[in-house]
Amino acid sequence: MGIENDLELTKLYESKYCLNVFGPAPIAFTKGKGVWLWDTQGRKYMDMIGGIAVNSLGHNNKALTKAISDQASKLIHCCNYYMIPQRAELAFKLCSHSFADKAFFCNSGAEANEAAIKIARGYFYYKGQPEKNEIITAKMSFHGRTMATIAATGQEKFRIPFAPNVPGFKYVDYNDIAALEAMVDDKTCAVMLELIQGESGVHPADITYVKQVKKLCVERGILLIIDEVQTGVGRTGRLFCYENYEIVPDIMTLAKGLAGGVPIGAMLCTDEVATGMKPGDHGSTFGGNPLACAAGNAVIDQLISSDSTLLANVNSVSAFLFDKLNALKAKSDKIKEVRGMGLLIGIEFDSSIQAAGMKTRLMQEGFLVSAIGESVIRIAPPLIISQREAAMFVNTLAKILKGNRK
Ligand SMILES: Cc1ncc(COP(=O)(O)O)c(C=O)c1O
């Protein structure tokens with residue numbers, strides 16, 4: 001028997017040999033199909049978190065696994081000294097379906113944001129304005145775990161233990177245009193925002209605010225970086241979340257759902273911004289390799305093909321979930337708010353319910369979600385989830401809330 005079926009050995013090795021940064025629940029999964037996962041004990045769970053917005057096509061999606069295994073049997077990796085057809089194809093598809101003219105591929109969301117930060121500074125450097133190097137980000141944002149991206153993240157808890165932090169970042173209240181206007185000065189090179197702050201509790205930006213931010217960036221000649229690591233690739237019911245806000249960024253970052261679970265990140269930008277990096281200025285050994293890009297192409301194909309119903313499914317299941325969850329809220333004073341967009345939804349409870357406890361209760365009932373802070377659970381299921389499956393989740397949540405009634 002391999003370790004993948006041996007939970008006790010996995011627990012021992014996890015606690016003894018893996019750096020203790022995740023505090024994982026004592027379960028492990030051996031296989032998946034669609035929105036379902038099976039653990040080492042053969043127990044079935046509905047994956048309502050989808051690897052935190054990663055398993056966009058669900059588990060064991062036929063076309064995705066075929067693309068990966070076909071590519072793996074031909075060529076997994078070759079280096080960036082050479083042209084990579086799969087990378088070229090993915091860049092073409094992403095650029096033709098977005099505002100962008102150029103794409104750079106890497107391996108994670110943090111790495112995509114690193115590229116965005118670097119190119120924003122490089123853009124002004126090569127224009128002869130190296131003093132324009134400060135980036136304004138939002139309080140309560142999350143942009144990653146590398147040194148530059150923790151500096152970009154507007155939450156002290158991620159930065160303080162790892163000081164000195166990378167300089168050149170300022171933090172402004174989210175959804176407050178006056179505060180942003182007051183902060184922009186001659187040193188500002190970019191504003192960097194999530195359109196939905198996922199990691200701090202699923203807080204969407206106001207549409208008027210985002211439009212005002214765009215206008216401000218244009219007027220002041222600064223760049224708008226939109227971090228779509230969590231919201232991109234169909235998650236919010238459009239291919240990219242910025243489409244919901246009727247603006248276009250200058251730079252956008254993607255990762256999570258882009259290759260359905262194969263590590264990938266992407267930084268996309270306009271031709272104008274692309275002048276911010278010259279040959280040799282940036283790179284990544286694994287970034288854009290044939291395997292990751294073959295997976296990316298398989299995911300994007302399922303979203304953009306003319307007969308695709310995936311985005312329509314996101315929108316209809318989303319409407320169903322908001323409808324049912326809001327109905328539950330109307331009946332139960334335990335739910336304070338239901339918010340988000342598409343299939344990225346936060347459910348905030350009142351102080352009688354702890355998010356961590358609710359996550360555990362749902363797991364006992366066979367549903368996987370994430371808990372954020374004291375009071376919010378987040379769901380980000382695969383985009384292929386059916387209405388019937390979504391209903392199973394809502395019914396179970398209702399049952400738990402009913403049992404919790406004082
Ligand atoms: C908005 C946002 N940006 C960046 C990141 C970092 O991505 P990664 O963990 O792939 O480095 C995340 C991860 O949760 C995210 O939600």
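How many bridges join strand 13 to strand 14, and do the two run parallel or antiparallel? Select strand 14 (residues 344-349) together with strand 13: six bridges join them, and they run antiparallel. Helices (H or I, at least four residues) and strands (E, at least two) are DSSP runs, numbered from the N terminus.

The model is predicted, so local features need pLDDT of at least 70 and side-chain atom pairs count only at pLDDT 80 or more, while totals for chains, interfaces and linings use all residues. Residue numbers start from 1 along each chain as its sequence is written.

Pick Arg339 next, whose bridge partner in strand 14 is Gly346. Widening the selection shows an open, antiparallel sheet of four strands in the order 13-14-17-16, where pairing requires at least two DSSP bridges between two strands. Strand 13 (335-341) and strand 16 (370-372) are at the edges with a single partner strand each, so one side of each has no neighbour in the sheet. From one strand to the next, the twist averages 25°.

Contact here means C-beta atoms, placed from the backbone, within 7 Å; axes are lines fitted to C-alpha atoms, for helices over the stretch in contact, and angles run from 0 to 180 degrees between N-to-C directions. Helix 13 (residues 355-364) lies across strand 14, strand 16 and strand 17 (376-379), at about 175° to strand 16.

Finally, turn to the ligand, which 14 residues surround, the closest being Ser108, Gly109, Ala110, Val229 and Gln230; a residue is near if its C-beta atom, placed from the backbone, lies within 6 Å. Helix 5 (residues 109-126) gives the largest share of this shell, three residues.

Methods:
Contact = placed C-beta atoms within 7 Å.
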